[in-house]
Amino acid sequence: MVAVLKKGLAVVAILIAFLVGTQNPQVVNVNFVIASAELPLATLMSICLALGIIIGLLVTASVLSKLKWQNHRLKKSNSKLSQTAER
């Protein structure tokens with residue numbers, strides 16, 4: 001059931017992305033620090049969305065790895081305390 005829900009959400013997200021892309025064909029000027037470019041608005045929105053997702057995943061991975069490491073240390077400490085309590 002969860003797999004069907006995930007696939008359905010993916011299809012809906014793709015449809016929304018397609019609709020947003022087709023509704024924004026205007027070309028916009030983007031000024032970077034050292035350069036500038038003219039991109040279609042849909043492309044610029046897609047790039048910003050992708051960068052946001054990548055940054056979010058990196059932050060999430062960092063937080064999760066810290067929590068997993070903390071969990072590992074606590075389990076190790078707990079097992080040492082359990083062994084000393086049994087003696």
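Helix α1 gives the most to the lining of the largest pocket, with five residues, where helices (H or I, at least four residues) and strands (E, at least two) are DSSP runs numbered from the N terminus. This is a predicted model, in which local features need pLDDT of at least 70 and side-chain atom pairs count only at pLDDT 80 or more, while totals for chains, interfaces and linings use all residues. Residues are numbered from 1 along each chain as its sequence is written, and side-chain values use heavy atoms, with hydrogens and water left out.

**The largest pocket**
- About 170 Å³ of space lies in this pocket, the volume being the space filled by probe spheres set on grid points that are joined across faces, edges and corners.
- A pocket here is an open set of points on a 1 Å grid over the protein atoms alone, where a 1.4 Å probe fits and protein lies on both sides within 12 Å along at least five of seven lines; lining residues have an atom within 4 Å of a point.
- The lining consists of A13, I16, A17, V20, G21, A42, M45, S46 and L49, and the elements that give two or more residues to it are α1 (2-23) and α2 (41-86).
- By class, seven of the lining residues are nonpolar, two are polar and none is charged, with Ala, Val, Leu, Ile, Met, Phe, Trp, Tyr, Cys and Pro counted as nonpolar, Asp, Glu, Lys and Arg as charged, and the others, Gly among them, as polar.

**Overall form of the chain**
- The chain has two helices and two strands, which follow the pattern α-β-β-α when read along the sequence.
- The chain is more spread out than a compact globule, because its radius of gyration is 23 Å, well over the 12 Å that the globule rule gives for 87 residues; the radius is taken over C-alpha atoms, and the rule is 2.2 Å times the number of residues to the power 0.38.
- Along its principal axes, the C-alpha trace spans about 75 × 45 × 10 Å.
- Buried residues, meaning those under 20% relative accessible area (1.4 Å probe, protein chains only), make up 3% of the 87 residues in the chain.

- N29 is found in strand β1 (residues 27-31), and S36 has its place in strand β2 (residues 36-40).
- Not counting residues up to four places away in sequence, N29 touches S36, A37 and E38, whereas S36 touches N29, V30 and N31; contact means heavy atoms within 4.5 Å.
- From C-alpha to C-alpha, S36 and M1 are 47 Å apart in space and 35 residues apart in sequence.

Methods
Buried < 20%, exposed > 50% of the residue type's maximum accessible area, 1.4 Å probe, protein only.
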